[in-house]
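Hi,

Here's the structure I promised to pass on.

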Amino acid sequence: MASVNKVIIVGNVGRDPETRYMPSGDAVTNISVATSDRYKDKQTSEMKETTEWHRVAFFGKLAEIAGQYLKKGSQVYVEGRLRTRKWTDASGQEKYSTEIVADSMQMLGGKPVGGSGDGGESYARSKPAEQSAPASSNAASLGAMDDDIPF
């Protein structure tokens, strides 16, 4: 049976990106993205809003671009896949963390601060030919990355 692990979110960056470099020299950038949902409460008839926070990880050239151009408050479109990692905290207790591993990103809204362009730049990780997906006309093709790098 086939399965699909695909996530698409549009939201606002909650804090400035954190970029680190692996011993291999590859960049890893982490951000949190807030998405909001508005609905009408059936009992009180008032509008309510809920916010969900998503952890997003970028790798390689895409990580460098995200770290350079995204800032707290930036609106961003992210496509990727869910990944859950298991780790042990300082007290020896096992913990789980679920995040989105980004395959592509598009900066939305106005012109980036200190950047160039119209603020609608698209960036995507390159994929093998048999898995390639259509990209927008201004998408930058980036080098392949190792998805199994622990961090």
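Predicted model: local features only at pLDDT ≥ 70, side-chain atom pairs only at ≥ 80, totals over all residues.

The chain has 151 residues, and 36% of them are buried. You'll find 1 helix and 8 strands, and if you walk along the sequence they come in the pattern β-β-β-β-α-β-β-β-β. Taking contacts between residues at least 6 apart in sequence, 51% join residues at least 24 apart.

Now for the inside. In soluble globular proteins, nonpolar side chains tend to be buried together. Here, the largest nonpolar core is made up of 19 residues, and Val56, Phe58, Leu70, Val78 and Met105 have the most contacts inside it. Two or more residues of this core come from each of strand 1 (7-13), strand 3, strand 4, helix 1 (60-69), strand 5 and strand 6. There is also a second, separate core of 5 residues, with Val28, Ala57, Phe59 and Val101 among them.

Which residues is Phe58 in contact with, leaving aside its neighbours within four places in sequence? The list is Ala27, Val28, Thr29, Ile31, Ala63, Ala66, Leu70, Val78, Ala102 and Met105. Leu70, Val78 and Met105 from that list are also named among the residues with the most contacts inside the largest core, while Val28 belongs to the second one.

What classes do the lining residues fall into? There are 5 charged residues, along with 3 polar and 3 nonpolar ones. Ile31, by the way, is the residue we already met as a contact of Phe58.

Last, have a look at Glu79, which sits in strand 5 (residues 75-88). The Glu79 side chain makes a polar contact with the side chain of Tyr77, at 2.5 Å. Beyond its neighbours within four places in sequence, Glu79 is in contact with Lys6, Val7 and Ile8, and also with Val101, Ala102, Asp103 and Ser104. Val101 is the residue listed in the second core, and Ala102 is also in contact with Phe58.

Cheers

Note on methods:
Residues numbered from 1 in each chain as written. Heavy atoms only, no water. Nonpolar A, V, L, I, M, F, W, Y, C, P; charged D, E, K, R; others polar. Helix = DSSP H or I, 4+ residues; strand = E, 2+ residues; numbered from the N terminus. Polar contact = N/O pair within 3.5 Å; in protein donor to acceptor, adjacent residues only side chain to side chain. Contact = heavy atoms within 4.5 Å. Core = buried A, V, L, I, M, F, W, Y, C linked by side-chain atoms within 4.5 Å. Buried < 20%, exposed > 50% of the residue type's maximum accessible area, 1.4 Å probe, protein only.
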